[in-house]
Amino acid sequence: TARKRAERQLRQMAGRLLRLQDQERRVLGHELHDTTAQGLAALEINLTALRKLARHMPAKSRELLRDSVVLAARSAREIRTLSYTLRPPLLEEMGLSAALRTHVRGFASRSGIKCRLTLPRKLGRLPADLELALFRIVQEALANVHRHAGSKVATIRLRQNPRRLVLEIADQGQGMPASAMENFLAAKATLGIGLAGMRERARQLGGDIVIRSTPGDTRVRAELPSTLLSP
C-alpha cells in the first residue's frame, strides 16, 4: 500500500512538472514572438532602408550592410520558428490536425527529411491535454529522427479503433543504441527529456509508449485509451 501511494504521488508530481513546463514554454514562446521577433523584424526593415541610402559608401561597408540584412532576416525566421515550437498557436486555435500538418511541413523543409503524415479523415477537436500530448510526442520524436537516426524519411500516423488511439512515428535510420533502449526500458532517463518525457505524457493520460528499433526500422508508438475522446 505504501509503495502504491508513493507511485501515485510520484505520478502526480510528474504531471504537475509537465504542466509547469508547458506553461513556461507557452510564456517564453509568446515573449519571443511579441518582443524579440518583432524587434528583429524592425531591425531588418531599418537595415534594408539604410542599404538603399548607402550607394556612395565604400564597397566593403555596403557588403557588411548587406550581410547584416541577411543575418537579421535569418535570425527573425529562427526566432519565429522557435516561438512556434514553444507555443504552437495553431494547436490552440485550430486543433491537432492543422498544428501537425504545419509542424511536419516545416520540419521537412528545415531538415530535408521527407515526411508523410496520415491522420483520420474526420479528426475533430480533441481534449486540450490530449492534443498537447500528441503534438509534443510528434515534436520530440521527429527531433530525435533529425538528431540521431540519419534517416531520409519519416512517417507519422494517427489512427483510432474502438479501444485505442495510436500514434506512430517511424523512420528508416540506423536504429537506437542499445544503451538508450536499456535506459528507456529501465525508466532511467530524466523526466521531461526525450523519450522519458514522451512516455510520461502518455502515462499521464492512461497510456504508454512502445518502441521497437532495428537498423532501418525504428517505430515509436504511443497507445492511449479511446475513452479520452469521450465528452
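**Entry 1: Ser151**

I began with Ser151, which sits in the loop between H5 and E2. Helices (H or I, at least four residues) and strands (E, at least two) are DSSP runs, numbered from the N terminus. A note on the ground rules: this is a predicted model, local features need pLDDT of at least 70, side-chain atom pairs count only at pLDDT 80 or more, and totals for chains, interfaces and linings use all residues. Residues are numbered from 1 along each chain as its sequence is written, and side-chain values use heavy atoms, with hydrogens and water left out.

Is Ser151 buried or exposed? Ser151 is buried, because its relative accessible area is 7%; buried means under 20% relative accessible area, exposed over 50%, partly exposed in between (1.4 Å probe, protein chains only). I then listed what Ser151 is in contact with, leaving aside neighbours within four places in sequence: Ile113, Val145, Asp171, Gln172 and Gly173. Contact here means heavy atoms within 4.5 Å. I also found a polar atom of the Ser151 side chain 2.6 Å from the backbone oxygen of Val153.

**Entry 2: the chain as a whole**

Next I stepped back and counted seven helices and five strands in the protein chain. From the N terminus, the order of elements reads α-α-α-α-β-α-β-β-α-α-β-β. Of the 231 residues, 39% are buried. Among contacts with a separation of 6 or more, 65% are between residues 24 or more positions apart. The chain exposes about 14,200 Å², with carbon and sulfur atoms supplying 53% of it; I took the areas from the Shrake-Rupley method with a 1.4 Å probe, where for residues only the protein chains shown count as cover.

**Entry 3: the sheet**

In which order do the five strands of the open sheet stand? I read E1-E2-E3-E5-E4, with mixed pairing. Two strands pair if DSSP finds at least two bridges between them. E1 and E4 (208–214) are at the edges with a single partner strand each, so one side of each has no neighbour in the sheet. The twist averages 10° from one strand to the next.

I went through the pairs next:

- E1 (residues 114–118) and E2 (residues 153–160) run parallel and are joined by five bridges; Lys114 has Val153 in E2 as its bridge partner. From E1 the chain goes through helix H5 (residues 128–149) to E2, and this β-α-β crossover is left-handed. A crossover is right-handed if, with the strands pointing away from the viewer, the path from the first strand over the helix to the second runs clockwise.
- E2 and E3 (residues 164–171) are antiparallel, with seven bridges, and Leu158 is partnered by Leu167 in E3. The hairpin from E2 to E3 goes through three residues.
- E4 and E5 (residues 217–225) are antiparallel, also joined by seven bridges; the partner of Asp208 in E5 is Glu223.

**Entry 4: helices across the sheet**

I checked which helices lie across these strands. Helix H4 (residues 96–111) lies across E1 and E2, at about 170° to E1. H5 lies across E2, E3, E4 and E5, at about 15° to E3. Axes are lines fitted to C-alpha atoms, for helices over the stretch in contact, and angles run from 0 to 180 degrees between N-to-C directions.

**Entry 5: Glu223**

I came back to Glu223, which lies in strand E5. Glu223 counts as buried because its relative accessible area is 18%. What does its side chain make polar contacts with? I found the side chains of Arg164 (3.1 Å) and Arg221 (2.7 Å). A polar contact is a pair of N or O atoms within 3.5 Å; within protein, one must be able to donate a hydrogen and the other to accept it, and residues adjacent in sequence count only if both atoms are side-chain atoms. Not counting residues up to four places away in sequence, Glu223 touches Arg164, Leu165, Gly207, Asp208 and Val210.

**Entry 6: helix H7**

My last stop was H7 (residues 194–204), where nine of the 11 residues are buried, so the helix is largely enclosed by the rest of the structure. Among the buried residues are Arg199, Glu200 and Arg201. Leu195 in H7 is buried too, at 16% relative accessibility. After H7 comes Gly206, whose phi is positive, near 85°.
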